[in-house]
Amino acid sequence: MSQTKYILSLDQGTTSSRAILFDNEQNIVCVQQREFEQIYPHQGWVEHNPMEIWSSQYGVMNEVIAQSGVDPRDIAGIGITNQRETTILWDKNTGRPVYNAIVWQCRRTAPLVDELLQQPGMADYIRENTGLMPDAYFSATKIKWILDNVPGARERAEAGEILFGTVDTWLVWKLTGGKVHVTDRTNASRTMLYNIRTLDWDDTLLKALDIPRCILPRVADSSEVYGTTDLCGVQVPVAGIAGDQQAALFGQGCFAKGEAKNTYGTGCFLLMNTGDTICRSHGLISTIGISLNGKVEYALEGSVFVGGAVIQWVRDGLRMIQESRDAEYYAQKVPDNGGIYIVPAFTGLGAPYWDMYARGAIVGITRGTTQNHIIRAAEESIAYQSADLVAAMEKDTGVPITSLKVDGGASRDQFLMQFQADILNKDVLRPAIRETTALGAAYLAGLATGVWKDRDEIRSLWHCNMTFTPAMPEAERARLLSGWHKAVGRSSDWAEHEKTLSGF
């Protein structure tokens with residue numbers, strides 16, 4: 001390519017909005033980030049101000065243009081990746097939200113899910129047709145809550161005056177001056193209203209929740225030109241959309257069936273490309289992995305509730321370390337875990353256990369136990385939980401994961417990544433560019449605007465920064481995993497007694 005072309009990624013997350021400018025060789029030219037307010041009206045409720053989401057994202061977008069010095073005429077397109085499931089309803093004439101965004105973490109609609117599941121066969125219908133576990137996590141009951149609780153909202157929605165969108169839809173609508181109301185299939189598949197088999201909004205679920213179809217956006221591919229936005233007087237195409245975890249899967253180049261990535265953040269998100277197969281699972285979610293050229297590829301997703309957060313707890317709760325990155329140093333001060341296991345079930349256990357009454361446990365303490373053993377056990381717990389997800393995925397799909405691509409903050413921890421490789425007995429591959437979520441959105445926009453020709457070219461751009469190769473003897477691996485599963489058993493149902501005492 002004779003002239004350098006650029007792609008602007010808008011990475012709208014749960015606590016901050018970021019903009020990253022990539023060139024056509026995937027080099028990061030400039031990054032800007034801005035945090036915004038988290039709103040907690042009641043216990044268990046989480047909201048954002050949609051106008052602040054927009055202003056923070058718009059602000060960092062313009063700061064990147066200003067600071068990079070890149071001519072907007074050389075920006076081929078904009079890709080968007082976003083916090084998933086968060087729900088916004090707004091007036092299509094004024095552009096004003098009718099209520100704050102209800103965030104994916106918000107639990108206020110759990111009673112609405114319970115009501116929905118009173119309908120015979122509904123739980124199985126949701127799992128079969130949306131791929132999801134019925135839960136307040138997803139957008140559907142959040143939409144119903146706003147329609148039921150904001151005065152006049154339902155009447156205005158039925159009159160065609162109200163629009164719904166996840167954060168990607170809201171940003172595209174604002175960027176295009178209200179001309180485009182669209183989402184992509186990865187985000188649609190997280191609403192609990194989208195049928196991932198028929199690839200359309202599901203009338204049975206819309207009727208069950210009394211949600212008017214007219215408020216829903218058009219569902220498009222993850223890579224196409226949806227519209228344009230004005231950047232310093234230049235009309236730049238908005239050309240890529242994907243939810244954050246699917247964007248990371250694409251950014252990691254996991255294009256073949258069986259390829260998987262694990263993102264190590266506050267929690268851990270493991271996604272495996274399952275190709276054109278929707279996998280039924282007892283403990284994992286089936287979702288749309290990507291949608292290109294009218295063709296859908298599916299993914300299986302598992303989540304660990306407490307990943308990097310266990311290191312934050314060691315830092316802030318136990319005060320054993322000053323900074324999170326210190327954990328790696330102290331973990332290596334002892335030759336092994338000294339028989340110590342930490343099960344960080346602070347809010348129960350996620351996939352594949354789904355035990356909401358599990359509680360955190362430290363087991364195996366002896367007189368010889370030191371602070372360093374505790375720190376090491378905390379580090380190891382992240383890898384054990386991820387190993388459980390890998391085992392569940394392999395069992396459900398019958399497809400072996402040959403190697404695991406990793407990203408996220410904790411992937412910089414050399415000790416953790418080596419232990420992950422050892423306990424999985426698989427190579428762990430860490431990419432040169434760890435901004436894989438934003439990179440995935442950039443790839444999608446670049447494919448739609450001709451910056452990159454196809455996925456083969458993108459795959460050729462992916463560079464491994466480091467490969468962690470398993471070196472643990474099989475007997476030791478088996479012993480450690482046996483100890484871990486025994487420790488999980490000790491933490492299981494721990495709060496059941498409290499539940500009985502409290503009368504719930």
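Me: How many aromatic pairs does a search of the whole structure find?
Reply: In this predicted model, the search finds 17 aromatic pairs.

Me: Why is the pair of Trp45 and Trp145 called edge-to-face?
Reply: The ring centres of Trp45 and Trp145 are 5.5 Å apart, and centres within 6.5 Å make a pair. Their planes stand at 85 degrees, and an angle over 60 counts as edge-to-face. The pair is therefore edge-to-face.

Me: What makes this pair a tie between parts that are 100 residues apart in sequence?
Reply: Trp45 belongs to the loop between strand E3 (28–35) and strand E4 (47–48), whereas Trp145 belongs to helix H4 (residues 140–149), so the pair ties together parts with that separation in sequence.

Me: Why is the pair of Phe250 and Phe255 called tilted?
Reply: The centres of the Phe250 and Phe255 rings lie 4.8 Å apart, with the planes at 50 degrees. Stacked requires under 30 degrees and edge-to-face over 60, and the rest count as tilted. The pair of Phe250 and Phe255 is therefore tilted.

Me: How do you know whether Phe250, Phe255 and Trp145 are buried or exposed?
Reply: Buried means under 20% relative accessible area. Phe250 has 3%, Phe255 has 12% and Trp145 has 13%. Phe250 therefore counts as buried, as do Phe255 and Trp145.

Me: What makes the charged end of Arg455 sit over the ring of Phe255?
Reply: The criterion asks for CZ of Arg within 6 Å of the ring centre and within 35 degrees of the ring normal. The charged end of Arg455 sits over the ring of Phe255 at 5.3 Å from its centre. Likewise, the charged end of Lys405 sits over the ring of Trp462, 4.3 Å from its centre.

Me: Why is H4 called largely enclosed by the rest of the structure?
Reply: Eight of the 10 residues of H4 are buried, so the helix is largely enclosed. The buried residues are Ala140, Thr141, Lys142, Ile143, Lys144, Trp145, Ile146 and Leu147. Among the elements they pack against are strand E6 (88–91), helix H2 (110–116) and helix H8 (203–209).

Me: How do you know whether Cys106 is buried or exposed?
Reply: Cys106 has 1% relative accessibility, against a limit of under 20% for buried. Cys106 therefore counts as buried. Cys106 is placed in the loop between E7 and H2, and touches Gly44, Trp45, Val46, Ala136 and Lys142, leaving aside residues up to four places away in sequence.

Me: Why are H9 and H14 called roughly perpendicular?
Reply: Helix H9 (residues 244–251) and helix H14 (residues 436–448) pack at about 75 degrees, with axes 7 Å apart. Angles of 65 to 115 degrees count as roughly perpendicular, and H9 and H14 are therefore described in that way. Asp244, Ala247, Ala248, Phe250 and Gly251 of H9 take part in the contact, and the H14 side includes Thr436, Leu439, Tyr443 and Leu447. By class, the contact comprises eight nonpolar, four polar and one charged residues.

Me: What makes H12 and H16 roughly perpendicular to each other?
Reply: H12 and helix H16 (residues 474–491) pack at about 90 degrees, with their axes 11 Å apart. The range for roughly perpendicular is 65 to 115 degrees, so the label applies to H12 and H16. The contact is made by Ser381, Tyr384, Gln385 and Asp388 of H12 with Leu480, Leu481, Trp484 and His485 of H16. Four of these residues are nonpolar, three polar and one charged.

Me: Which aromatic cluster includes Tyr384 and Trp484?
Reply: Tyr341, Tyr384, Phe415, Phe419 and Trp484 form one aromatic cluster.

Me: What does Leu481 touch, not counting residues up to four places away in sequence?
Reply: Leu481 touches Tyr384 and Ile423 on that count. The C-alpha atoms of Leu481 and Ile423 are separated by 7.6 Å, although the two are 58 residues apart along the chain.

Me: Why is Asp210 called partly exposed, whereas Gln26 is called buried?
Reply: Buried means under 20%, exposed over 50%, and partly exposed in between. Asp210 has 39% and therefore counts as partly exposed; Gln26 has 6% and therefore counts as buried. Asp210 has a positive phi of about 55 degrees although it is not a glycine, and Gln26, also not a glycine, has a positive phi of about 65 degrees.

Terms used
Residues numbered from 1 in each chain as written. Predicted model: local features only at pLDDT ≥ 70, side-chain atom pairs only at ≥ 80, totals over all residues. Heavy atoms only, no water. Axes fitted to C-alpha atoms, helices over the stretch in contact; angles between N-to-C directions. Helix = DSSP H or I, 4+ residues; strand = E, 2+ residues; numbered from the N terminus. Parallel < 35°, antiparallel > 145°, perpendicular 65-115°, else oblique. Contact = heavy atoms within 4.5 Å. Nonpolar A, V, L, I, M, F, W, Y, C, P; charged D, E, K, R; others polar. Phe/Tyr/Trp six-rings, centres within 6.5 Å; stacked < 30°, edge-to-face > 60°. Buried < 20%, exposed > 50% of the residue type's maximum accessible area, 1.4 Å probe, protein only.
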